[in-house]
Amino acid sequence: MPPDIAKIYLQADLQVLKSGGVQDYEAPVRFADGIRRDCRLIKSVFRNKEGEPAGIVGIMFDLSEKNQMLADQRQLAAAVEQSPDAIVITDLQGVITYVNQAFTKVSGYTAAEAIGDRPSLLKSGRQSAELYTELWRTVSNGGVWSGRLVNRAKDGRLFIEDAKVLPAFDSSGVPTHYIAVKRDVTAVVELERQILSAQKLEAVGRLAAGIAHEINTPTQYVGDNTRFFENSFLQILIVVQWYDRLERAVRQGEPTGDVLRGLGEAKANSDLEFALDEIPKALEQSLEGIARITEIVAAMKEFSHPGSEEKTPFDLNAGIRSTTTVARNEWKYVATLELELALALPPVPCHPGDINQVVLNLVVNAAHAIADRRAAEGTQALGVIRVATAVEGSSAEIRISDSGTGIPESIREKIFEPFFTTKAVGKGTGQGLALAHNVVVDKHGGSIACESEVGVGTTFIIRLPLRDSKLAELELEGEPTHA
Ligand SMILES: Nc1ncnc2c1ncn2[C@@H]1O[C@H](COP(=O)(O)OP(=O)(O)OP(=O)(O)O)[C@@H](O)[C@H]1O
Ligand SMILES: [Mg+2]
């Protein structure tokens, strides 16, 4: 042994010779390969027949592997403990065995408070029973569940987490624990909400000019017609007054010659025939105009549906009618609109204002694509935008098709990315589809897909779950079921 190590042994040996008993210590040992390894040494003195120390016997364990393992474990533990994501480990019965610092920080519960309890500790009452059933079914079948959870911290504050829950297995593949890795996305969700409402405001701003125009046209002819009624009324009044005089003259047996002459003149001046012909038509047109204005105003009201925290049952078809009405000015110069709305569409649990916004984004995109195609082909022919609804299994489906440019294969992957746009500055910011994706997929648990052929057109297909997952209120309670 090199002198520095030999010195340790010598001291230890002298000590055990003096004290007797069993000695147990750790020291480095240089192995035959020249590498120093940490070892545990257990030594004892053996004695001759006379009972005097005759030598030292010892055993040596190589600790380097175990120490390395411990160091590795400590490193891993530190990584888990200090991870910015909250990590919760439960046993197979769903009882918490470990939480890290991030969990403590976001939830307000100390490790001591959480361990031994269940994840339902964070129950907010905002989660559906089905979500938890689905979670347990997935992980107890060995799968990874991921989704968004609304939880309640110890101080009552709600927070939102994107969570992944997965089983952990031992070396023989038997599940031993469940692990949840959760990221606090409350701030992200709030930001998404702000972007959504900013986009809504922007849309209202953009639509306002079109809506004003839509209201102006009927207002104008209702006004013209009303002035026409006013004139006609005065002329008719004069004629009616002459008839009055005539009646009086006849009743009183007076001569009627003058009166008849006056009546004839009044009739000739008033163009009575024209008035009597036109008034019914003008009345009808005015009533139509007023109905049109009423429709637009109702559509505006319906479109800007005040957002609520809760999903409400929504008549999707009515939403589509009003959204396409407020957006009429966006599409009417380039396309005709065909609505194929399913007659027996059950109410869809959703945030109506957000869904209207999604439909608007897609209809505006469709109109732009048709305008681009018309410009490219130099044609005046109107394109077609078709909006159809249907029940597909347990979902309500909205299909928005256009006869526009189509979307080239090369960008189809990117269209849902925020800020991806092929449009000029001022015409598009690339948020429409990103927002649609966020609303449909993240907020409603639905799906949005796109079918497109360049030169033919594009169809966007939205599916929204019809079943409200809030029906039964069962939380992450009790034992997970092993299917
Ligand atoms: N119906 C469609 N037909 C052809 N291309 C489309 C259609 N819908 C979307 N796109 C393409 O996808 C891109 C992204 O659409 P998105 O709605 O997200 O943003 P935008 O329309 O460019 O801008 P914004 O909606 O923010 O005003 C568009 O720029 C366009 O290239
Ligand atoms: Mg768009």
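Reply: Two strands pair if DSSP finds at least two bridges between them, and strands (E, at least two residues) and helices (H or I, at least four) are DSSP runs numbered from the N terminus. In β2, L41 is the bridge partner of Y25. The model is a predicted one, in which local features need pLDDT of at least 70 and side-chain atom pairs count only at pLDDT 80 or more, whereas totals for chains, interfaces and linings use all residues. Residues are numbered from 1 along each chain as its sequence is written, and chains are lettered from A and ligands numbered from 1 in the order in which they are written.

Me: What makes β1 and β2 (residues 36-47) a pair?

Reply: The requirement is at least two bridges, and 9 bridges join β1 to β2, which run antiparallel. The two strands therefore count as paired.

Me: Why does one side of β1 and of β3 lack a neighbour in the sheet?

Reply: The open sheet of 3 strands has the order β1-β2-β3, with antiparallel pairing. β1 (22-30) and β3 (53-62) stand at its edges with a single partner strand each, so one side of each has no neighbour in the sheet.

Me: Why is the protein chain called more spread out than a compact globule?

Reply: The secondary structure of the chain comes to 13 helices and 15 strands. The radius of gyration, taken over C-alpha atoms, is compared with a globule rule of 2.2 Å times the number of residues to the power 0.38. For 483 residues that rule gives 23 Å, and the chain has 41 Å, well over it, so the chain is more spread out than a compact globule. Along the principal axes, the C-alpha atoms fill a box of roughly 175 × 50 × 35 Å.

Me: What makes G205 count as exposed?

Reply: A residue is exposed if 12 or fewer other C-beta atoms, placed from the backbone, lie within 10 Å of its own, buried if 20 or more do, and partly exposed in between. G205, in helix α6 (residues 186-251), has 9 such neighbours and therefore counts as exposed. Buried residues make up 23% of the 483 residues in the chain.

Me: Which element gives the most residues to the shell around ligand 1?

Reply: α11 gives the most, with 4 residues. The shell divides into 7 nonpolar, 12 polar and 2 charged residues, where Ala, Val, Leu, Ile, Met, Phe, Trp, Tyr, Cys and Pro count as nonpolar, Asp, Glu, Lys and Arg as charged, and the others, Gly among them, as polar.
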